Structure formats: C-alpha cells, structure tokens
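Let's take a look at the disulfides in this protein. Have the sequence and the 3D view handy as you read.

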Amino acid sequence: VHGRSIMAFAALVLLAAAAHAWTPVFSDTFARPDGLPGRPWVTPLAGLPPLNIVSKRLCATTQSPAMINITVDPRGTYRVSYVFSANSDEGFETYVLASTKANFSLNSTFIAGCDGGGSGGACTLAICSAPQMMRLGCEQYGPVIPLKTDTLYVMTAILQPTQTSVSVSDLSGQVLGQYTASPIPVAMFGLIVGRQGLTCAGNFELDKL
C-alpha cells in the first residue's frame, strides 16, 4: 500500500509538471535562403533597415526590427529565447520586441535585451519603451555583462502579468546576468538586432506557459 501511495504521488507530480510546461507558440531556425525572412515575419518597420537572413540567422549592421505577425493573449506568460553573436565589440545590441497592440506601432512597443552602445565588448541589460531607448536611452539599466565577439550566447525574456525579466546565458546554460522590471501587456513579439559590425540572432523560440 505504501508503495502504491508513492507511485500515486509521483504521478501527481508529473501531471502537475506537465500542466505547467512551456507550450510552443512559434519557432524559426531560419533554414532557408539568404534575404528577407518572409512570413510571418514583417520587416522592414518604422522606416528602419530590414533584418535579413544570412547563413541561417537574422542579421543586421544597424538597429533593425522585425515583428512576428502572430497575436497573443496579453494575460498570458510567455518566454522568448534565441542565440546571438556579434563580430564587433560595439555590436552586442539585440532586444526582444514586445508590442502592446496587434497593429504594430513603434510608440506602443517595448524592448527587453542587450544595449551594446558604448559598452565596448559588453551587453547592458535593459527593459523599457522602444521610443525612449532610441531617443534618450532607458531610465534604468540592469547589469553590464562582458561578452566575447564571434561567440554564441542565449537571450531569454520572460513576460508575465506581474513582471518582465531578461537574461543572457552561455551555451552551457550558465546565466551571465539577468534583470527584472515592470510587466508589459504584450500582443505581438519581434526582434531588434544590430548596432555596429554584424550582429546575428538564430534559433528563435516563442513559448507560452
């Protein structure tokens, strides 16, 4: 009887874990010819340069956005992750874009990720509105993370109804830095990639809890 109780408890634990597992919403390995990424990606946007596929990654040499034409429930909890690298010390700039409206407008969009400007071989974690970042910079920033050029890192942003968090990890899973700020009622997701040199993002995943 005792053994059956343990087995029943283990089954409940597994069911609870499954109920709280991440469910894929969208993913993209960019395994297609170089050029514009195509549907459901929308780029160029807001008069800024487009993001282009280069060797199975989305790349740019200046701040370039792309949105995914998939609307999500703003009451949900979402995780966005992708790998990124830069070939310049000033190139570690890439953000998750989170639009609060289904019809994209830069004025209703927030960013969560790496500010690479003036950091010289580093990523400064940031979460703020995109117009504020582009005009004056964010009011507050997270930690500064030293990074190496031509090295892959993992960006992860988790958007919950109670808060937004962003982190950078190495490929072994070690978290190099993370930052948490106020929640963002997101309706659509996307990316900004690039600043100086060539910055690229790959293996994009969007999941819902």
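Predicted model: local features only at pLDDT ≥ 70, side-chain atom pairs only at ≥ 80, totals over all residues.

Residues are numbered from 1 along each chain as its sequence is written, and side-chain values use heavy atoms, with hydrogens and water left out.

**The overall picture**
- Searching the whole structure turns up three disulfides (a disulfide is a pair of cysteine sulfur atoms within 2.5 Å).
- Count the bonded cysteines along the chain and you get the pattern 1-6, 2-3, 4-5.

**Cys59 and Cys200**
- These two form a disulfide with sulfur atoms 2.0 Å apart.
- The torsion about the S-S bond of Cys59 and Cys200 is about 115°, so this disulfide is right-handed.
- Cys59 is buried at 4% relative accessible area, and Cys200 is buried at 4% too (buried means under 20% relative accessible area, exposed over 50%, partly exposed in between, using a 1.4 Å probe and protein chains only).

**Cys114 and Cys123**
- Here the sulfur atoms sit 2.0 Å apart in a disulfide.
- The link of Cys114 and Cys123 is left-handed, with -85° about the S-S bond.
- Cys114 is buried, with a relative accessible area of 0%, and Cys123 is buried at 0% as well.

**Cys128 and Cys138**
- Cys128 and Cys138 make a disulfide, with 2.0 Å between their sulfur atoms.
- The torsion about their S-S bond is about -60°, so the disulfide is left-handed.
- Cys128 counts as buried at 7% relative accessibility, and Cys138 is buried at 8%.
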